[in-house]
Amino acid sequence: VISFTSCEPFIENKITARNLAAAEVKLNIRGQLYSIPAGETLILNDFKKGSFEYETIYSVPAGATEFVAEGDVAGEMVLNAGTEVLIVYTSTLIDETYTIYGSMTSTEDINRPDPFGDENP
């Protein structure tokens with residue numbers, strides 16, 4: 001019997017989006033729109049290897065007359081084997097201006113070559 005134990009057939013990538021902002025946000029990624037109510041967390045774990053563009057659509061709470069988005073509210077995620085991404089949304093409401101902040105971190109070492117990529121034999 002021949003057994004292969006050195007490679008897993010599928011190594012899962014995971015995206016977690018935590019909404020600590022005052023209002024609902026929606027994460028637009030891979031042709032899907034995911035709603036995340038204030039105070040809730042969304043976990044997506046069905047992503048294979050690749051680069052994915054994402055956008056954030058956000059609601060503005062009552063009392064705000066102006067709004068601004070800062071940080072990682074849009075961009076690109078690079079997922080290789082076993083990558084975990086965390087996006088945290090926070091907000092402020094100062095002088096009727098609502099500001100939503102996005103902060104994204106990843107377990108992916110951007111300097112590490114992908115072990116399953118074409119450049120590795």
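Predicted model: local features only at pLDDT ≥ 70, side-chain atom pairs only at ≥ 80, totals over all residues.
1. A polar atom in the side chain of Thr56 lies 2.7 Å from the backbone oxygen of Val73. Thr56 belongs to strand β5. Its side chain has a further polar contact, also given as 2.7 Å, with the side chain of Tyr89.

2. Is Thr56 buried or exposed? The relative accessible area of Thr56 is 10%, and buried means under 20%, so Thr56 is buried. Setting aside residues up to four places away in sequence, Thr56 touches Val25, Lys26, Val73 and Tyr89.

3. Strand β5 is part of an open sheet of four strands, arranged in the order β3-β2-β5-β7 with antiparallel pairing. The edges are formed by β3 (32-36) and β7 (74-79), each of which pairs on one side only. From one strand to the next the twist averages 30 degrees. In general, the strands of a sheet pair through backbone hydrogen bonds, and the pairing may be parallel or antiparallel.

4. Within this sheet, β2 (residues 25-29) runs antiparallel to β5 (residues 50-58), and five bridges join the two. As a point of reference for the viewer, Asn28 stands opposite Glu55 of β5.

5. The loop between β2 and β3 contains Arg30. Phi of Arg30 is near 55 degrees, which is a positive value in a residue other than glycine. Arg30 is partly exposed, its relative accessible area being 36%. Which ring does Arg30 lie over? Arg30 sits over the face of Phe47, 4.0 Å from the ring centre.

6. Three aromatic pairs are present in the structure. In one of them, the ring centres of Phe47 and Phe52 are 5.1 Å apart and the planes meet at 90 degrees, so this pair is edge-to-face. Phe47 and Phe52 are both buried. Phe47 is therefore a ring with a partner in Phe52 and with Arg30 over its face.

7. Another pair is made by Tyr58 and Tyr98, with ring centres 6.4 Å apart and planes at 40 degrees, so the pair is tilted. Tyr58 is in strand β5 and Tyr98 in strand β9 (residues 97-106), so the pair ties together parts that lie 40 residues apart in sequence. Tyr58 is partly exposed at 23% relative accessible area, whereas Tyr98 is buried at 1%. Together with Phe67, these two tyrosines form one aromatic cluster.

8. Tyr98 is also one of the contacts of Leu93, along with Ala62 and Ala64, once neighbours within four places in sequence are left aside. Leu93 is located in strand β8 (residues 84-94) and is partly exposed, with a relative accessible area of 45%. How far apart in space are Leu93 and Ala22? Their C-alpha atoms are 8.6 Å apart, although 71 residues separate the two in sequence.

9. Glu96 is not a glycine, yet its phi is positive, at about 65 degrees. With 46% relative accessibility, Glu96 counts as partly exposed. Arg30 likewise has a positive phi and lies in a loop, the one between β2 and β3.

Terms used: Residues numbered from 1 in each chain as written. Heavy atoms only, no water. Pairing = 2+ DSSP bridges. Axes fitted to C-alpha atoms, helices over the stretch in contact; angles between N-to-C directions. Buried < 20%, exposed > 50% of the residue type's maximum accessible area, 1.4 Å probe, protein only. Polar contact = N/O pair within 3.5 Å; in protein donor to acceptor, adjacent residues only side chain to side chain. Contact = heavy atoms within 4.5 Å. Phe/Tyr/Trp six-rings, centres within 6.5 Å; stacked < 30°, edge-to-face > 60°. Lys NZ or Arg CZ within 6 Å of the ring centre and 35° of its normal.
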